[in-house]
Amino acid sequence: MSSRSRLLCCAVLCLGTVAPVFAGPPEWVEIRSPHFSVVTDAGEKRGREVAVRFEQMRVVFGALMTQAKVNLPIPLQIIAFRNTKEMRQFAPLWRGKPTQVAGLFLGGDDRCFIMLDMSVENPWQVVFHEYAHQLMNGNLTAHTDPWFEEGFAEYFSAIEVDSKEARVGKIPEGEYVILERSGMMKVADLFRVQHNSKTYNENDDHRTVFYAESGMMVHYLFDNGLILKVGTYLDLVHNKKLQPEDAMQQAFGMNGPQFDKALRSYMASGRFKYYPIPTPPGVNSSTYSAAPLPAADAQSVLADVHLHSSDYRDKGMSEFQEVLKLDPNNVAALRGLGYSYLIKQDFHKAGEYFFRAAEHNSNDPRVLYYSALLIQREEGMGLGTDRQRLGEIQKQLETSVKLDPEFADAYSLLAFTYMSQGKNDQALATMQKAVELNPHNEAYRLNLSQMYIVHRDFDTALAILQELAQSSDPGVAGRAQQAISGVEAAKTASAAGQRVEIRSAPTAESLVKRSPQPSAPTASTVTQPAGPVRYVKGNLVAVDCSTPPAAVLTISSGAKTWKLHANDSTRVVVIGADNFSCAWTNQKVGANFHETGTGSGEVISVELQ
């Protein structure tokens, strides 16, 4: 996400009361097209124009990515304001004052928002950049790099669409200005930038150049017929583990200096190709529904924007409360307050509002989902959970996905509900659906690997885990790396005909246990120390954390005492507790570990029993 985009994600509503936003004509109206909801006070005609533009861009994206189906992994709400004054009330603040913006994007885990100022000439470029990110997240499963993600989003954002054609390929003038003024990075350095890199995360000239050059790079690749070779390059880097320079040579036929020269010459020429695409057929606003939106409902939409801004969450809550004073049965406000208390982990208050929302609209898929999630978080969903309660959760979630067949979070929670009842085939198919809808959600894929482990499909589980082990999220990468060792051990033991016990639990981690055997085979893995993988069950006498982040667990099992070492205690898979603790003592545990000597080993996972 660009520096500009990160500012946009901090968008806040800076008004003292809710009422002035909605005072006076014209009225608010909601336009519903096949894939979007547009809420606007700029009039029905302008609202239809916005819906048409997004429907057109959705189809153009599918044409660019040569995919028949285009998913939005997270629901998107579009808000089109009639003038700049209203838009400024949502603008990001700089030194206490709202900045001048024509479009804003606000991302969230459960909902995203796009806001437009309909009184300006071109509010589209900023929001289409972020819209491209959303579309990419809903369609691409392969690992990509920041330069391609941001470059393609910039390429997509500059598309021009009218009633006859979409013109693809225009390079924004700002990219030339930035690169001419600040200079260009070497292509190899550009390709090395990752999501956790300083260049990607700090607001300075290096970052600005990175985004401008990423956009220029994607334009160059399209114009020179090299875009399809990006997949080859990424495979060489991420799967074959080649250095960028070597991968560039193999994929693009150029070494680093040659690629630098080619990109600089392309920029200096000032020439780029337009690709006309006929305006997608079948996009007809006359088929869209339009309905007046009551003031309370419009207030709820904007309060939801506040709720999804971490700096202004309390203000969003107060705005929802104001809505309920006007309309005590407003389902959107009840749901919003329930969600706000769920975020605060005040389950009692959250349940109160979700129950009231369900009373007035039992067909709201998100009310059903949040109600089920609330029960799960309050009581847990282990295999010992009351079957009747699990049945209630299952029914709510099945209704939720029936009402909204693209609700990925509901599928994910439903999969664990099935697994908690031993319905493993249904669990696997349902989690596959969640991943299909949101393939970039790494938590879904981590959970899917657990489902495959339960089915003893170790090869498929390993393929997923090995990809996740390269994640830019240290938590995801660590859990995947730890799980790989256990799955490798289970696979080896199973192939040798030894009994393998697999314990499944509805959490992001999978625990694979192998019963101790006199002649345990060696698990082949490059991410863990050499040595047999063993399982020990006993009493955790003490944990020595005197040399952090390392730790040593002393476990007494019968007449034998084991000293299990962890190079980094934060990377140990923990089952039965939220985190690894140095305060554990006299605790019944089970542990998977690599045996490194007599009575010693490197711990893989620990389960508190």
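Trainee: How many nonpolar, polar and charged residues does the lining of the second largest pocket have?

Mentor: This is a predicted model. The lining of the second largest pocket counts 40 residues. By class, they are 18 nonpolar, nine polar and 13 charged.

Trainee: Which residues of that lining are the closest to the centre of the second largest pocket?

Mentor: The pocket has a volume of about 1,300 Å³. The lining residues closest to its centre are Arg 32, Ser 37, Gln 77, Arg 111 and Arg 366.

Trainee: Which helix gives the most to the lining of the second largest pocket?

Mentor: Several elements each supply at least two lining residues. Among them are strand 1 (29-32), strand 2 (37-40) and strand 3 (76-81). Helix 14 (295-307), helix 16 (331-343) and helix 18 (365-379) also belong to that group. With five residues, the top contributor is helix 16.

Trainee: Are helix 21 and helix 22 roughly parallel or antiparallel to each other?

Mentor: Take residues 424-437 for helix 21 and 442-454 for helix 22. Their axes come within 9 Å and cross at roughly 155 degrees. Angles over 145 degrees count as roughly antiparallel. The two helices are therefore roughly antiparallel.

Trainee: How do the residues of the contact of helix 21 with helix 22 divide into nonpolar, polar and charged?

Mentor: Helix 21 brings residues including Leu 428, Met 431 and Val 435 to the contact. Helix 22 brings residues including Tyr 444, Arg 445 and Leu 448. The contact residues divide into 10 nonpolar, three polar and one charged.

Technical notes
Residues numbered from 1 in each chain as written. Predicted model: local features only at pLDDT ≥ 70, side-chain atom pairs only at ≥ 80, totals over all residues. Heavy atoms only, no water. Axes fitted to C-alpha atoms, helices over the stretch in contact; angles between N-to-C directions. Helix = DSSP H or I, 4+ residues; strand = E, 2+ residues; numbered from the N terminus. Parallel < 35°, antiparallel > 145°, perpendicular 65-115°, else oblique. Contact = heavy atoms within 4.5 Å. Nonpolar A, V, L, I, M, F, W, Y, C, P; charged D, E, K, R; others polar. 1 Å grid on protein atoms, 1.4 Å probe; cavity = no way out; pocket = protein on both sides within 12 Å on 5 of 7 lines; lining within 4 Å. Points joined across faces, edges and corners; volume = space filled by probe spheres on them.
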